[in-house]
Amino acid sequence: MWVFLLTEIMFFGGMFGGYTVYRNMYPGAFASTSHFMNVTLGAVNTGVLICSSFTMALAVRSAQLGRKRALILFLVATLILGCVFLGVKAVEYHEKWVDHHIPGPEFHYAEAPYFHQAQILFFLYFAMTGMHALHMVVGAGLLTTLIAMASRDRFSAEWYTPVEMIGLYWHFVDIVWIFLFPLLYLIGRTK
Amino acid sequence: MKHTVIPVRLYALVFLALIALTIVTTEISRIDLGEYNFIVAITIAVIKAMLVILFFMHVKQSSSMTKLFVAAGFFWMAILIVFVLSDYLSRGWLPVNKWWQ
């Protein structure tokens with residue numbers, strides 16, 4: 001599982017690398033975009049995702065102890081929190097749509113000199129958060145499978161490997177967001 | 001796949017620390033610290049990631065093999081960022097003509 005997560009680090013690492021390069025090329029433009037990010041929603045979503053990681057950790061713990069009811073309960077809680085995150089993300093994407101902050105022919109930007117450079121940032125924003133959201137969707141599917149398996153008594157205190165593996169995956173997706181949040185929302189807020 | 005069971009108390013402590021750090025990093029970003037805004041934000045993000053990796057992902061009690069893999073992943077990430085920056089940041093330092101000129 002950790003080998004798979006390593007390939008995931010490389011996958012997201014490429015995008016973080018691209019972000020680093022463009023941030024260094026156009027620091028002014030990149031800082032100016034953080035005014036148009038909804039920090040409140042971003043912070044709330046960070047909290048939601050941390051809560052879901054917490055319930056996931058408790059789900060793995062319940063599986064270790066062979067507590068079926070608690071396991072299902074925590075998995076459902078994690079799934080719900082994951083869906084809340086995606087819901088908030090959809091609201092944010094809608095805001096970007098309304099503000100014409102989606103790169104393309106309809107793109108508008110208040111600070112004219114940064115028009116082209118800001119588009120690069122919004123492209124990276126959608127690529128990075130979009131890939132992250134896609135991972136969340138996959139994670140939600142995996143959680144649903146786990147809930148179905150758990151309710152059919154597939155797991156025991158001796159064998160709960162899928163719960164543990166998908167737990168690792170879920171925490172990894174959480175870590176990606178832990179880095180995305182300061183990079184996209186917080187840096188340059190005061191400029 | 002046998003691990004020692006971590007008490008709920010420890011999970012709860014890590015969870016509270018993560019939430020507290022999120023609030024701290026959000027509030028600090030309101031203050032203008034110049035270059036330090038970036039450093040503070042990234043430092044807090046690294047601390048949060050470490051907490052998740054060590055406790056939620058059980059790396060603290062895992063085998064050396066697992067630790068090696070985790071370290072390799074982040075070492076790779078460090079190579080990527082450091083080498084990319086050593087290229088982009090040092091461009092134009094030397095008064096050498098571009099090869100196409």
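Predicted model: local features only at pLDDT ≥ 70, side-chain atom pairs only at ≥ 80, totals over all residues.
Figure 1. As a reminder, a disulfide is a covalent bond that joins the sulfur atoms of two cysteines.

**Figure 2. The overall build of chain A.** Chain A is made of six helices and has zero strands. Reading from the N terminus, the order of elements is α-α-α-α-α-α. The C-alpha trace spans about 60 × 30 × 30 Å along its principal axes. How much of chain A is buried? Of its 191 residues, 56% count as buried. Contacts in chain A also reach across the sequence: among those between residues at least 6 apart, 81% join residues at least 24 apart.

**Figure 3. A:T55, a buried threonine in a helix.** A:T55 sits in helix α3 of chain A, which covers residues 39-65. Is this residue buried or exposed? A:T55 counts as buried, because its relative accessibility is 12% and the cut-off for buried is under 20%. A polar atom of the A:T55 side chain lies 2.9 Å from the backbone oxygen of A:S52. Leaving aside residues up to four places away in sequence, A:T55 touches A:F74, A:A77, A:T78 and A:L81.

**Figure 4. A salt bridge between A:K68 and A:D153.** The closest N and O atoms of A:K68 and A:D153 are 3.5 Å apart, and the two residues form a salt bridge. Where in chain A do the partners lie? A:K68 belongs to helix α4 (residues 68-98), while A:D153 is in the loop between α5 (115-151) and α6 (161-186). With 85 residues separating them, the pair links distant parts of the chain. A:K68 is partly exposed at 35% relative accessibility, and A:D153 is exposed, with a relative accessible area of 54%. In general, side chains of opposite charge can pair when their charged atoms come close.

**Figure 5. The surroundings of A:F126.** You will find A:F126 in helix α5 of chain A. Which residues does A:F126 touch, not counting those up to four places away in sequence? They are A:Y93, A:K96, A:H101, A:I102, A:P103 and A:M131. For a sense of scale, A:F126 and A:Y160 are 34 residues apart in sequence, and their C-alpha atoms are 36 Å apart in space.

**Figure 6. Two salt bridges within chain B.** In the pair formed by B:R91 and B:D87, the side chains meet in a salt bridge with an N to O distance of 2.8 Å. B:R91 counts as exposed at 52% relative accessibility, whereas B:D87 is partly exposed at 34%. Another salt bridge joins B:R30 to B:E27, with the closest N and O atoms 3.1 Å apart. Here B:R30 is exposed, with a relative accessible area of 51%, and B:E27 is partly exposed, with 39%. Over all chains, the count comes to four salt bridges.

**Figure 7. Where chain B meets chain A.** Each chain brings 49 residues to this contact. About 4100 Å² of area is buried between chain B and chain A, and carbon and sulfur atoms give 79% of that area. How many salt bridges cross the interface? Zero are found between chain B and chain A. Two residue pairs are in polar contact across this interface. On the chain B side, the elements that give two or more residues are α1 (8-28), α2 (36-56) and α3 (64-90). Of these, α3(B) gives the most, with 14 residues. By residue type, the side of chain B that touches chain A divides into 34 nonpolar, eleven polar and four charged residues.

Technical notes:
Residues numbered from 1 in each chain as written. Chains lettered and ligands numbered in written order. Heavy atoms only, no water. Contact = heavy atoms within 4.5 Å. Buried area = accessible area lost by both parts, 1.4 Å probe. Polar contact = N/O pair within 3.5 Å; in protein donor to acceptor, adjacent residues only side chain to side chain. Helix = DSSP H or I, 4+ residues; strand = E, 2+ residues; numbered from the N terminus. Nonpolar A, V, L, I, M, F, W, Y, C, P; charged D, E, K, R; others polar. Buried < 20%, exposed > 50% of the residue type's maximum accessible area, 1.4 Å probe, protein only.
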